Amino acid sequence: MSETLLIKSARLIDPVAGTDTVGDLLVLDGKIAKASAAPSDARVIDGTGLVLTPGFIDLHTHLREPGQEDKESIKSGTAAGARGGFTTLCCMPNTVPAIDNSTVVDFIKQQALEAGPIRVLAFGAVSRGREGKELTDMEELARAGVVGFTDDGSPVATGHLMQSALLYAGQLGLPIMDHCEDYSIVKGLGINEGWVSDRLGLAGYPSAAEESIVARDIALCELTGGHFHVAHLSTAGSADLVRQAKAKGLRVTAEVTPHHLTLSEEWVLGTHGHVEPDAVVTTAAYETRAKVSPPLRSLSDQAALIEALRDGTIDAIATDHAPHTYGDKATPFDEAPNGISVLDTAFGMLMGLVHAGEIDLPTLVQRLTAGPVSVLGERFIELATLAEGTPADLVLLAPDEEWQVDPKAFASKGRNTPLDGDTLRGRVKLTIAGGEIAYDGLDGLNA
Amino acid sequence: MTTGTMPTVEAKTATMPRRHVLDLDDFNKAEIETILDSAEAMRGVLGRDIKKVPALRGKVVLVMFLEASTRTRVSFEQAGKMLSADVINISGSGSSAEKGESLLNTALTLQAMHADLIVIRSPQSGAPYFLARNLDSVSVINAGDGTHAHPTQALLDLMTMRRHIGDMAGKKVVIIGDVLHSRVARSDIYGLAAVGANVVLSGPPTMIPLELLRGTSEHFPDSVTVEPNLDKAIEDADVVMALRIQKERAAGGLLPSMREYTRRWQVTDARLARAKPGALVMHPGPMNEGIEISSSIAHGPGSQIEEQVTNGVAIRMALLYQTLAGAAHAGPMGVEL
């Protein structure tokens, strides 16, 4: 139900207008309206010390439904999105069955409508059954509403298939998002090839195995004129390749996850931060909750990713939210599936970059809103602005509030986070989607 | 960017007795010496007519091998039985692992049966750490995990070296072959660093950790270097240790051919002649004679390969004793021998 809300004296950051001011904003009939038009019965929220921005847009969410509802459902996943300040989630097609036909897209749209106000946009599979052989019926999927194509979880299997996909999707004006991992080098490994993998006696996923596919896809992008979007870019070398491709004027975009920006390979040792290479391996090591693909990389990769995010080489922050059950991850390292449950903690993790002076808040907000829109297309521009008359997809943030990560309190079914017990500084207070309150964390203070 | 509590990294002066033996990366020289002393006493029991002492009577030791092995499994079983523990073998075949039960549930089940100690061999690196983290009343001894660690093998290697060489400080040990996939080499590296020995690794570039090849390693002890040319690596070595080459590595693209491997890295008479006179020849077994080691060397005068096996039983007795009874008795020498 759409609310009438008057948010007063908040810091308003509008990435599309490029403004950063203190002021009031009215939510009326599901839209953003002029504050002076507030009716007397509007709920008033004191935004003093808080930041109001367009709701975040996640290009990369695993909602697991249909097929793996023990890990997540559209209802629990959108609730976690709301908790994290995301009003739009782009769900990945590695469901069971895969999102490779319009019936599955219709099912997801229906489930999302029933779940609540959070907008769910689907990515379709590149290949039928995600098997890497035949293209899906891309035009039919586009008509059903998919916003792009990906075989995420796996790379687009061959250069030939990628070439065809870029041509077809390009004609439809949609991106091909690729999970860039060269299976001829490694497959499915959730730890970086480096000193930690060496210490733990685990086979590692080298940066080169990501970069070789990024390079392949950029070359094919140039050949076809299509739109190639790099999923969860994780290495310094990949960032360089994208930077060069953009300089050439190619339609190449990229996303990076909160965990690749803020965590490093050492987290697999169970250390919650930096540790010297000669430290003893403890029983906290082989931390399956830090097992993710692409893996958490080195500290120098992390620094290069932050730089690429800052300079615009990387367009968007996307969570790659990958919920799993307790039992999935309560195994020896090799057996555990890849993935981190990110939605609940994303903003707190990212605010760490702001507090450390790595990036300013307006740029961070841009990469969570207008940045993703630049990947999805201009038709979504209204979701990334505070302009009057646009949909009231908004998030109210407390940038300095500290809180402790307690996975048991997550809205997501996936409690698989290596941040368990850590303190984050930066918290989502209120999420409004289409004028409805999707998450209220104001604790009644403004009631 | 996030704050959290740093874990307590155990100092390298961990006091005995330990609850678990997972790897040698946190053992110092004094602790290793104490274990080797204890193992020497255990060797005395091995040489007796009646090979049994009551030290671990009433203790239950589970020997869980999720990967094929003869020597290490029998060695642990014998060690436990000679100390009068009740030893129960669990193998990968026919166990709950094959019925789809997770390792966690299997381990919790065994803990609920009041087992005192689990010896685990697993093809998965880190499996013993996983058990140690999840079990609160059972000790864990790592009998080899994936390509990570094999601490009891490293201790028996150190025992063999000490028996023949004495103090290993400044001595040169060359380890040859597939270091990258070798849990034995990894644990030996830490054990040898603790006793002050220098280690030279020699093998195909596809079988040496990349960080060592690139010269960017900060995580291996400084006493470890790489010399791909075995003729150079072996010069003046006090100990020559050949690792087992798995023949399927050639098919996997890691080796051009077994012929190329043997030509470059087989321990031969000519090569051994470049080592120090009387150098020890070691191999963790099982050997591929004629591949990583020539038959004449494997059965030659410098070969310690069978002694390694004997010392293995003694080391495992010492560790079982220390882990299960150490605190309650006067120390390792308190066994009624």
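## Domains of chain B

Chain B has two domains: domain 1 covers 29-149 + 310-328, and domain 2 covers 151-305. This division belongs to a predicted model. Taken over C-alpha atoms, the centres of domain 1 and domain 2 of chain B are 26 Å apart.

The two domains of chain B touch each other, with 20 residues of domain 1 in contact with 17 residues of domain 2. On the domain 1 side of this contact, two or more residues come from each of α1 (29-46), β4 (139-145) and α13 (305-325) of chain B. Sorted by class, the side of domain 1 of chain B that touches domain 2 holds nine nonpolar, seven polar and four charged residues.

## Chain A as a whole

Chain A contains 13 helices and 16 strands. Its radius of gyration is 21 Å, close to the 22 Å that the globule rule gives for 447 residues, so chain A is as compact as a globular protein of that length. The C-alpha trace of chain A spans about 65 × 55 × 40 Å along its principal axes.

How much of chain A counts as buried? The share is 61% of its 447 residues.

## One residue: His62(A)

His62(A) lies in the loop that runs between β6 (56-61) and α1 (74-83) of chain A. Is His62(A) buried or exposed? His62(A) is buried, because 27 other C-beta atoms lie within 10 Å, and 20 or more are enough to count as buried.

Which residues does His62(A) contact, once its neighbours within four places in sequence are left aside? They are Glu72(A), Met92(A), His321(A), Ala322(A) and Pro323(A). A further pair is His62(A) and Arg425(A), which stand 363 residues apart in sequence and 25 Å apart in space, C-alpha to C-alpha.

## Where chains A and B meet

The contact between the chains involves 38 residues of chain A and 36 residues of chain B. On the chain A side, α5 (195-200), α11 (346-355) and β15 (423-433) each supply at least two residues. Of the side of chain A that touches chain B, α5(A) gives the largest share, four residues.

What classes of residue make up the side of chain A that touches chain B? There are 18 nonpolar, 13 polar and seven charged residues.

Conventions: Residues numbered from 1 in each chain as written. Chains lettered and ligands numbered in written order. Predicted model: local features only at pLDDT ≥ 70, side-chain atom pairs only at ≥ 80, totals over all residues. Contact = placed C-beta atoms within 7 Å. Nonpolar A, V, L, I, M, F, W, Y, C, P; charged D, E, K, R; others polar. Domains from an automatic or database assignment. Buried ≥ 20, exposed ≤ 12 C-beta atoms within 10 Å, placed from the backbone. Rg over C-alpha atoms; globule rule 2.2 N^0.38 Å.
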